[in-house]
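Subject: Handing over a structure

Hi there,

Here is the structure I promised to pass on to you. Have a look at it first, and then read my notes on what turned up.

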Amino acid sequence: MSSDSWPPQLKEWVAKCLGQMNDANRNEAQAELRQVIADAFTAKTLWTTDWSGVQLQSLLPKPLPTLKRKINEFQATSKKAKKAAMQKNATASLDLGDQAALNRRAERFQREHEIERQKIMRTNGNQSTLKANSQGAHLLDRIWRADSPSTFGPNLDDPEADPNVPNWDRHTIVGTNQELFKDYLRLTSEPRPELIRPYPVLQQTLIELKKRWRERTAYDWICNQFKSLRQDLTVQRIKNEFTVQVYEHHARMALESSDMVEYNQCQATLKSLYELGIPGQVEEFTAYRILMLLHGRNKSELNLYVGQLTPRQKMDPAVQHALRVQRAVSMGNYHALFEMFLSAPNMGAYIMDQFIDRERAKALMVMTKAYRTLTLAFIQNELGFNTLSDTQSYLHTHRVAVFTDPNSPDREKIIDCKAVAPLIAQAYEEKYRKVAIRGAV
């Protein structure tokens with residue numbers, strides 16, 4: 001989240017809080033400030049909160065301890081018991097008087113301290129407002145570098161700072177390796193700069209990998225190189241549009257190669273990068289995520305995710321297609337579902353491939369209850385198969401290829417619905433009752 005999207009009232013409140021901080025409360029106050037803004041961002045109340053009425057607890061004046069005066073009591077001896085008792089009574093009377101005086105002094109001191117504190121607040125507030133106006137969003141953005149050793153995150157005025165690293169500091173690793181291609185190895189120790197490629201080399205690596213993919217290089221090698229590329233980006237904490245492009249390209253290649261493990265890992269990272277406000281093909285991968293949630297039959301998360309779509313996302317053709325697929329699945333409208341399967345935009349059909357056989361089985365369960373017989377050609381057209389051969393192969397795989405005329409030509413073959421109905425129901429239970437999805441969705 002960039003401070004450019006903060007409401008003006010929030011910016012003024014942050015500047016005011018910064019002006020109230022001093023050496024004694026700065027660390028605690030900055031931590032509380034970040035937490036308050038983060039909570040509001042998570043709750044989506046940045047624009048609805050009355051920031052002028054928000055008070056950081058760490059900036060409240062600390063109550064002064066009650067001044068007490070110890071009373072030294074002399075231990076009475078058996079020979080001076082009476083004298084000691086009289087002295088104790090006198091001391092107690094004196095203490096009562098002194099305690100009242102000390103309390104009055106403490107109250108006066110606290111009033112004077114409050115007046116002085118308000119003067120300092122007004123002075124610092126004016127100075128911090130001027131400073132905030134001069135630095136603008138630059139200062140506010142640095143509030144969010146909570147994982148940086150510096151209080152406000154990276155000093156972007158430092159000539160060594162990398163603008164591609166949102167939380168840059170002097171501990172950030174910068175690679176020196178100049179090799180375009182490097183095998184992926186899981187890190188087992190602290191990363192070393194000589195084994196990591198810097199940002200310009202990584203940019204050239206992506207160009208070469210896309211070229212190799214167009215030349216039909218084996219996916220296993222391409223995937224290995226993309227994982228190495230992603231690792232070098234992660235180690236150097238590079239999060240920008242290039243990072244998004246790397247994950248988007250790898251995700252598409254994984255889909256094309258039916259590697260759902262790598263695809264799911266890429267999509268999970270892309271979701272977090274998009275939430276940071278980094279631009280990319282957000283609508284395209286929003287549609288993919290809806291289809292993946294349909295594949296996983298995660299209805300609660302799917303409903304929550306669809307409910308959070310923005311008007312812009314809902315206007316995108318790919319997202320609209322995914323929402324129509326969701327509606328067709330939920331309503332059992334298999335005719336519409338398979339029409340949309342054949343017309344899926346982008347790479348949506350690759351994801352639908354993961355659950356389309358399950359939906360075909362559900363459709364066959366309905367169709368065999370509604371009809372006495374079904375021709376193989378009708379099943380092909382209705383369930384979105386490319387050829388009669390594909391249709392027959394599906395029926396054999398699910399052990400439901402029960403024809404009334406097995407020796408007739410494929411286009412004229414007819415299945416016996418009464419015999420197929422219990423078989424397709426059994427096949428559905430065995431194959432599709434549980435969904436196995438590898439990788440984070």
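Let me begin with pLDDT, which is the predictor's confidence in each residue, from 0 to 100. This is a predicted model, in which local features need pLDDT of at least 70, side-chain atom pairs count only at pLDDT 80 or more, and totals for chains, interfaces and linings use all residues. Residues are numbered from 1 along each chain as its sequence is written, and side-chain values use heavy atoms, with hydrogens and water left out.

Confidence

The average pLDDT of the protein is 80, and 73% of the residues score at least 70. Two stretches call for care. Over residues 127-134 the pLDDT stays under 50, and the model has 4 contacts for them beyond four places in sequence; a contact means heavy atoms within 4.5 Å. Residues 67-77 also stay under 50 in pLDDT, with 15 contacts beyond four places in sequence. Where pLDDT is low, the predicted coordinates should not be read in detail.

Overall picture

The protein has 17 helices and 2 strands. These are DSSP runs numbered from the N terminus (helices: H or I, at least four residues; strands: E, at least two). Of the 441 residues, 40% are buried, where buried means under 20% relative accessible area, exposed over 50%, and partly exposed in between (1.4 Å probe, protein chains only). Among contacts with a separation of 6 or more, 61% come from residues 24 or more positions apart.

Cores

A nonpolar core is a set of buried Ala, Val, Leu, Ile, Met, Phe, Trp, Tyr and Cys residues joined through side-chain atoms within 4.5 Å. The largest one has 78 residues, and those touching the most other members include Phe-226, Tyr-263 and Ile-290. Apart from that core lies another of 15 residues, among them Trp-6, Cys-17, Ala-40 and Leu-46.

Trp-6 sits in the segment before helix H1 (8-20) and is buried, with a relative accessible area of 2%. How far apart in space are Trp-6 and Leu-46? Their C-alpha atoms are 7.0 Å apart, although 40 residues separate them in sequence.

Helix H5 covers residues 199-214, and at 1.5 Å a residue its 16 residues should span 22 Å; the end C-alpha atoms are 23 Å apart, which agrees. (The expected span is 1.5 Å times one less than the number of residues.) Its buried residues, including Leu-206, Leu-209 and Trp-213, pack against helix H6 (219-235) and helix H7 (241-256). Phe-226 is in contact with Leu-206 and Leu-209, among others, leaving aside neighbours within four places in sequence. Just after H5, Arg-216 takes a positive phi of about 70°.

A polar contact of 3.4 Å joins its side chain to that of Lys-182. (A polar contact is a pair of N or O atoms within 3.5 Å; within protein, one must be able to donate a hydrogen and the other to accept it, and residues adjacent in sequence count only if both atoms are side-chain atoms.) Not counting residues up to four places away in sequence, Asp-232 also touches Ile-196, Arg-197 and Leu-202.

Helix H9

In H9, 13 of the 15 residues are buried, so this helix is largely enclosed by the rest of the structure. Just after H9, Arg-297 takes a positive phi of about 55°.

Best wishes
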